[in-house]
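Please open the model in your viewer and keep the selection tool at hand.

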Amino acid sequence: MLKRLYLFFMLFVFAVTAKAQVGKYRSDLSIGVNGGYVLSNVGFNPRVNQTFHGGITGGFSFRYVCEKYFSTICAVQAEVNYAQIGWQEDILDAQDAPVINPATGLAEKYSRTMSYIQIPVFAHLGWGREEQGFQFFFQAGPQIGFCIGESTDANFPLDAPNTDDRVNNITAQYSMPVENKFDYGIAAGLGLEYSHHKAGHFQLEARYYYGLGNIYGDSKRDYFGKSNFGNIVVKLTYLFDIIKTKDRAN
């Protein structure tokens, strides 16, 4: 699967750079910072009832614009980010009401937060103004990540959960730390960019990430056959130019 992901990215980059043979040459390098919010869950099989887990993300951004092909601005954009992702369980009874812990009288809750270093690399395509105005963009490509820590938030004993009242009694994940710390998948996003020749570039983007790896083992002897991430990301990015094409023809 990782080989297919790499091949997909190489073909995408080749398609972008190949166009530079007939497009208008660019050699623009920009760097900057980004920050935003992540809604995440984990695709468990057997299924675990969940709502979205909320967390922050932020890091450094890099972009290299290589050409303008007719009205399409072609670039490669990459990031190195810190992200808080995970899952939050929706613990309900057969009537879809929250399960109440008899010891505390409170609705039971459980969430797992995992801290990741994530590196997405995108083929970036934009339409609109390059220097002074707005530009719509689409970007897609592979993403890798590495788990650097995890924590649990629960208000019931994890070694003795109340499964009698639950409509979903899958609880094996409570005692299972992340087994596969390396994560990989594909991300794609749509956004709007405002560029100013002195102030730089401001991007607002909505992005979805689909994990191709599992956080737990997925062999026949393992409990979960699937445990991959799904992330919805909304973020702001600021870029400023380091290298800029001289005497460009728009």
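## First stop: asparagine 101

Select asparagine 101, which at 6% relative accessibility counts as buried (buried means under 20% relative accessible area, exposed over 50%, and partly exposed in between, with a 1.4 Å probe and protein chains only). Before going further, note that this is a predicted model, in which local features need pLDDT of at least 70 and side-chain atom pairs count only at pLDDT 80 or more, whereas totals for chains, interfaces and linings use all residues. Residues are numbered from 1 along each chain as its sequence is written, and side-chain values use heavy atoms, with hydrogens and water left out.

Asparagine 101 is in the loop between strand 4 (72-89) and strand 5 (110-128); helices (H or I, at least four residues) and strands (E, at least two) are DSSP runs, numbered from the N terminus. Its side chain reaches the backbone nitrogen of alanine 103 at 2.8 Å. Setting aside residues up to four places away in sequence, asparagine 101 touches Leu106, Glu108, Asn155 and Phe156, where contact means heavy atoms within 4.5 Å.

Next select proline 161, in the loop between strand 6 (133-154) and strand 7 (182-196). Proline 161 and asparagine 101 are 60 residues apart in sequence, and their C-alpha atoms are 9.4 Å apart in space. Not counting residues up to four places away in sequence, proline 161 touches Phe156, Arg166, Thr171 and Tyr174. Show the side chains of two of these residues: the charged end of arginine 166 sits over the ring of phenylalanine 156, 5.1 Å from its centre (the criterion is NZ of Lys or CZ of Arg within 6 Å of the ring centre and within 35 degrees of the ring normal).

Phe156 also belongs to one aromatic cluster, formed by Phe44, Trp87, Tyr110, Phe156, Tyr174, Tyr216, Tyr223 and Phe224. The whole structure holds 15 aromatic pairs, counted when rings of Phe, Tyr and Trp (its six-membered ring) have centres within 6.5 Å; planes under 30 degrees apart count as stacked, over 60 as edge-to-face and the rest as tilted. Select phenylalanine 44 and tyrosine 216, whose ring centres are 6.4 Å apart and whose planes are at 25°, so the pair is stacked. This pair links distant parts of the chain, with phenylalanine 44 in strand 1 (residues 24-45) and tyrosine 216 in the loop between strand 8 (200-211) and strand 9 (226-243), 172 residues apart. Both phenylalanine 44 and tyrosine 216 are buried.

Phenylalanine 224 is in the loop between strand 8 and strand 9, 180 residues from phenylalanine 44 in strand 1, and both residues are buried.

## Histidine 53

Cysteine 66 is in no disulfide, and the nearest cysteine sulfur, that of cysteine 74, is 5.8 Å away. Cysteine 66 counts as buried at 10% relative accessibility, and cysteine 74 is buried as well, with a relative accessible area of 0%.

## Last stops: backbone geometry

Most residues other than glycine have a negative phi, and most peptide bonds are trans. Select asparagine 45 and proline 46, which are joined by a cis peptide bond with omega of about 10°; proline 46 is in the loop between strand 1 and strand 2 (50-51). Then move to phenylalanine 70, in the loop between strand 3 and strand 4, where phi is near 55°, a positive value in a residue other than glycine. Phenylalanine 70 is exposed, with a relative accessible area of 68%.

Conventions
A polar contact is a pair of N or O atoms within 3.5 Å; within protein, one must be able to donate a hydrogen and the other to accept it, and residues adjacent in sequence count only if both atoms are side-chain atoms. A disulfide is a pair of cysteine sulfur atoms within 2.5 Å.
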